[in-house]
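Open the model in your viewer and keep the selection panel at hand.

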Amino acid sequence: MLHGSAAEDANVKAAPQQRRERVRRQIIDSGFARIEDLAEDLHVSIMTVHRDLDVLEREGWLTKIRGGATANLGQPPLTFQHIEVAMHRHD
C-alpha cells in the first residue's frame with residue numbers, strides 16, 4: 001500500500017483519456033491554458049501535456065500555441081492581448 005505523497009500522486013494521476021478530458025474542459029472553460037500550469041495541476045510531465053494537446057488538437061478541440069493552447073469554439077482566435085491577460089492571472 002502507498003503512503004503519504006506517493007498515495008496522493010497515484011490518486012491524482014488519471015488515465016490518459018480522463019486526463020485529456022480534464023485538459024479539454026479546462027481550456028474550453030477558460031479559453032486558454034498554459035502547458036506548465038496543466039502539467040502542475042495534473043501531476044504529469046510537460047511532454048505528457050504536449051502529447052495530450054496534440055491529440056486534442058487533432059480532434060479539433062484546441063489550437064496549440066507557444067506555451068499553451070487556446071480553445072476552438074467556433075469563434076475568432078484569441079488575440080495576443082487576451083492570452084497575455086490570461087497568463088498574468090497565473091503569475
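**Stop 1: helix 2 against helix 4**

Select Arg-19, Arg-20, Val-23, Arg-24 and Ile-27 in helix 2; they meet Thr-48, Asp-52, Leu-53, Val-55 and Leu-56 in helix 4. Contact here means heavy atoms within 4.5 Å. Helices (H or I, at least four residues) and strands (E, at least two) are DSSP runs, numbered from the N terminus.

This is a predicted model, in which local features need pLDDT of at least 70 and side-chain atom pairs count only at pLDDT 80 or more, while totals for chains, interfaces and linings use all residues. Residues are numbered from 1 along each chain as its sequence is written, and side-chain values use heavy atoms, with hydrogens and water left out.

Now draw the axes. The axes of helix 2 and helix 4 come within 10 Å and cross at roughly 75°. That makes helix 2 roughly perpendicular to helix 4. Axes are lines fitted to C-alpha atoms, for helices over the stretch in contact, and angles run from 0 to 180 degrees between N-to-C directions. Angles under 35 degrees count as roughly parallel, over 145 as roughly antiparallel, 65 to 115 as roughly perpendicular and the rest as oblique.

**Stop 2: helix 2 against helix 3**

Which residues make the contact? Helix 2 gives Arg-19, Arg-22, Val-23, Gln-26 and Ile-27; helix 3 gives Leu-38, Asp-41 and Leu-42.

**Stop 3: a charge over a ring**

Select Arg-24 and Trp-61. Arg-24 lies over the face of Trp-61, at 4.2 Å from the ring centre. The criterion is NZ of Lys or CZ of Arg within 6 Å of the ring centre and within 35 degrees of the ring normal.

**Stop 4**

An open sheet of 3 strands has the order 1-3-2, with antiparallel pairing; two strands pair if DSSP finds at least two bridges between them. Strand 1 (32-34) and strand 2 (62-65) are at the edges with a single partner strand each, so one side of each has no neighbour in the sheet. The twist averages 20° from one strand to the next.

Zoom in on strand 3 (residues 68-71), which 3 bridges join to strand 1. Pick Ala-33: its bridge partner in strand 3 is Ala-69.

**Stop 4: helices on the sheet**

Helix 3 (residues 35-42) lies across strand 1 and strand 3, at about 75° to strand 1. Helix 4 (residues 46-58) packs on the sheet and touches strand 2 and strand 3. Its direction makes about 140° with that of strand 2.
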